[in-house]
Structure formats: structure tokens, C-alpha cells
Amino acid sequence: MTRRGLVLGGGGVLGAAWMVGALTALESAYGIDARDVDEIVGTSAGSVLAALLAAGVPVQDLRRHQLAEPIDTGPLKGFAWDYDTATGSGRPARPRPTPGSARMLARNVGHLRRLPPTAVLSALLPEGRGSLDSVGALVRHVLPSGWVDRDGLQIVAMDYETGRRVPFGRPGEGPADLADAVMASCAIPGWYHPVRIGDDRYVDGGACSSTSVDLLAGLGLDEVIVLAPSVSFAMDAPEALLSRLERQWRARVTRRCLHEVAKVHASGTEVTVVGPGPEDLEQIGGNLMDVARRRAVLEMSLRTSAAALADPRPLALPPTDAEHANAEHPDDEVLASDRAPEEN
């Protein structure tokens with residue numbers, strides 16, 4: 001029996017819409033129920049979907065939820081959600097005037113270069129004022145307290161005092177209610193206020209990595225499927241400055257994801273990565289929190305993700321750490337048998 005892992009990456013409101021379309025295409029292409037995969041890793045927007053899947057919400061209900069259609073059965077029955085207001089507006093409220101985590105900067109002052117640039121930036125950004133209470137209410141509607149009654153769910157956040165990546169639900173990590181872990185994973189620095197769990201503050205796990213694929217290395221999985229709304233192998237050429245800046249950031253995220261994929265592949269696991277292609281990016285624009293584009297992004301993903309999964313191509317992976325140390329030309333890419341979509 002095939003042991004599968006599923007990675008759901010960060011990408012804001014529109015990333016969640018894109019992933020729901022991709023999950024629909026995935027179930028059709030593979031003939032599986034996404035709730036049945038052995039391991040799930042969720043970060044930021046992906047943490048919401050990962051938590052709901054692990055708590056028993058089917059993909060068809062996630063799609064109905066995105067389309068604001070009534071849900072009459074199952075864990076989401078009767079839950080009211082207004083996409084136009086639930087996560088705030090498409091712009092953050094004016095943040096506080098001081099750095100969000102001077103303590104993280106002080107603790108790592110001698111080795112800031114060891115942290116991801118996005119983690120350092122998150123510490124420098126002012127503390128956000130936005131609230132994620134509505135996201136917590138959504139998760140608590142399905143699971144009022146505690147953790148899901150299954151193994152293999154990891155919800156990724158970042159400790160805002162140390163810069164450490166924290167996968168809640170992983171053996172050895174501290175306890176947390178599922179709703180609190182999801183809110184922490186979604187707490188975009190400078191946008192939402194950090195989430196306190198126990199004595200510590202946490203922010204969006206995407207500050208460490210938008211995907212955290214490497215958390216599934218060495219778990220004996222046959223295949224890992226990565227749905228990553230912040231990763232693209234083919235870009236569009238937007239004219240708007242905000243969109244051009246977003247594409248530059250997206251290229252960096254894609255490179256990091258490929259390094260993580262190489263680690264999983266080195267442990268003997270096949271990896272499939274699907275991300276938005278040029279048609280999707282045109283719908284997404286430059287603001288991943290623009291709720292007005294949600295339906296168009298989902299509908300586009302239904303088509304493009306299905307096409308990508310039907311016609312994958314090999315990924316050009318960077319060398320693993322060991323290969324990099326021994327390679328004659330360490331900057332060369334290594335072609336692996338993993339798969340990425342032709343257009344996505």
C-alpha cells in the first residue's frame with residue numbers, strides 16, 4: 001500500500017483558494033481521498049486546509065466553503081463565514097511603531113545569516129494589529145479543543161523569540177490546541193498580531209519556509225505531493241510594480257522549496273510539486289490577500305492543476321548537502337526523477 005505525504009504551503013487568501021482547486025484535481029487524478037494521506041504538513045494558509053482535512057472535512061466541502069455554498073452535512077455544517085471580512089481587508093491595519101521581535105534579533109545577533117532572510121525581516125517588521133479570531137473560530141467549529149485524533153499532522157509556525165521553526169503535532173514538540181496552532185501558523189508578521197501559546201509568541205511558519213517539505217524526509221513515505229501556491233516553475237511578466245516584486249519573492253521561495261525537495265528525494269521518496277503557472281498568476285495578481293479574486297483563482301486552478309498532474313515533467317533539483325560538499329561543480333543542478341507540472 002502506497003504511503004503518501006501531502007504538503008500544503010503558504011500563500012494567503014488566494015493561495016488557499018488555489019489549493020482547494022488543486023486538491024480537487026489531485027483527488028480526481030490519483031483516485032484518493034486527501035483525508036487519508038499518512039502525513040500532512042500545513043503552513044500559513046495551508047495550515048487551515050491541513051487542519052480541516054485532518055479533522056475529517058472532505059475536499060468537496062472545502063470547495064463549497066470557498067464558493068460560499070451551504071454545507072448541510074459533515075464537520076462544517078452550519079458554520080457561517082464571510083470571506084470579505086473574516087481575515088480583514090486586503091491591506092494590513094497600521095502596525096505598531098516598534099520592531100515585532102527585538103528579542104529574536106538580540107538572541108541571534110552573532111549569526112543572523114543562519115536564519116532565513118524572511119525570519120530576520122519578520123523580526124524587524126512592526127507587530128501587526130490584525131486578528132485571526134475568525135480563523136480560530138473556524139477550526140474550533142470542527143474541533144473545539146485539543147488535537148486531531150490521528151497521527152501525521154504537522155502545523156508549522158515560527159517561535160517569534162528565537163526564530164526556530166516549530167512543527168506543532170510533531171513528536172517532541174510542545175502541546176497546543178489545533179486552533180491555536182493554526183492561528184500561529186497564519187500570523188503574518190506586520191499584518192496580524194503574534195499568537196501566544198503557553199509562554200511563547202508565534203508567527204507565520206512561512207517566515208521560516210513557505211513549504212517545509214523537508215519535515216517529511218526520512219519518514220518512509222513512498223510519495224510526497226506538494227501543493228505550493230507560492231512556488232512557480234513558469235512565471236508571467238506583469239507590468240505592475242507590486243506584481244513584479246511578488247514574482248521576485250516567488251522565485252526565491254521556489255529555490256528554497258527545491259532544496260527541501262532534494263532532501264526528501266535523497267531519503268528515497270518520490271516528490272510531486274504543483275504550483276501556480278502563468279495563467280494562475282495572472283488571476284492572482286500581486287496581492288495574495290485580495291479576496292475579490294478568490295473565485296477566479298479557484299476556478300482557474302481546477303483546470304490548470306488537473307492539466308499539470310496529467311502531464312508532469314522532471315524537476316531539476318539542487319544537490320543535497322552531502323552532494324554539494326563533494327560535487328566538483330556544486331552550483332550545477334541535478335536532474336532527479338521527481339515531477340513538476342509542465343505549465344505550473
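This is a predicted model: local features need pLDDT of at least 70, side-chain atom pairs count only at pLDDT 80 or more; totals for chains, interfaces and linings use all residues.
Figure 1. Helix H2 spans residues 45-54, and ten of its ten residues are buried, so the helix is largely enclosed by the rest of the structure. Among these buried residues are Ala45, Gly46, Ser47 and Val48, together with Leu52, Leu53 and Ala54.

Figure 2. Ser44 is placed in the loop between strand S2 (39-43) and H2. Its phi is near 55°, which is a positive value in a residue other than glycine. Ser44 counts as buried because its relative accessibility is 7%, below the 20% limit for that class.

**Figure 3. Ser212 and Gly220, in the loop between S6 and S7.** Ser212 belongs to the loop between S6 and S7, and Gly220 is also found in the loop between strand S6 (200-204) and strand S7 (223-227). Although Ser212 is not a glycine, it has a positive phi of about 55°. Ser212 has a relative accessible area of 0% and is therefore buried. Gly220, by contrast, has a relative accessibility of 54% and therefore counts as exposed. The C-alpha atom of Gly220 is separated by 8.0 Å from that of Gly268, a residue 48 positions apart from Gly220 along the chain.

**Figure 4. The largest pocket and its lining.** The volume of the largest pocket is about 1200 Å³. Its lining comprises 39 residues, of which Thr118, Leu121, Ile188, Trp249 and Leu288 are the closest to the centre. By residue class, the lining consists of 17 nonpolar, 15 polar and seven charged residues. Both H5 and helix H8 (241-266) supply at least two residues each to this lining. The greatest contribution comes from H8, which provides ten residues.

**Figure 5. A nonpolar patch on the surface.** Leu121, Leu124 and Leu125 make up a nonpolar surface patch, and their accessible area together is about 250 Å². Leu121 is also one of the lining residues closest to the centre of the largest pocket. Leu125 lies in the loop between helix H5 (117-124) and helix H6 (133-142). With a relative accessibility of 30%, Leu125 counts as partly exposed, since that class lies between the limits of 20% for buried and 50% for exposed residues.

Technical notes
Residues are numbered from 1 along each chain as its sequence is written. Side-chain values use heavy atoms; hydrogens and water are left out. Patches are made of residues with over 30% relative accessible area and no salt bridge: like charges are joined within 9 Å, nonpolar side chains (Val, Leu, Ile, Met, Phe, Trp, Tyr) within 5 Å. Accessible areas come from the Shrake-Rupley method with a 1.4 Å probe; for residues, only the protein chains shown count as cover. A salt bridge is a side-chain nitrogen of Lys or Arg within 4 Å of a carboxyl oxygen of Asp or Glu. Helices (H or I, at least four residues) and strands (E, at least two) are DSSP runs, numbered from the N terminus. Buried means under 20% relative accessible area, exposed over 50%, partly exposed in between (1.4 Å probe, protein chains only). On a 1 Å grid over the protein atoms alone, a cavity is a set of points where a 1.4 Å probe fits but cannot get out, and a pocket is an open set with protein on both sides within 12 Å along at least five of seven lines; lining residues have an atom within 4 Å of a point. Grid points are joined across faces, edges and corners, and a volume is the space filled by probe spheres set on the points. Ala, Val, Leu, Ile, Met, Phe, Trp, Tyr, Cys and Pro count as nonpolar, Asp, Glu, Lys and Arg as charged, and the others, Gly among them, as polar.
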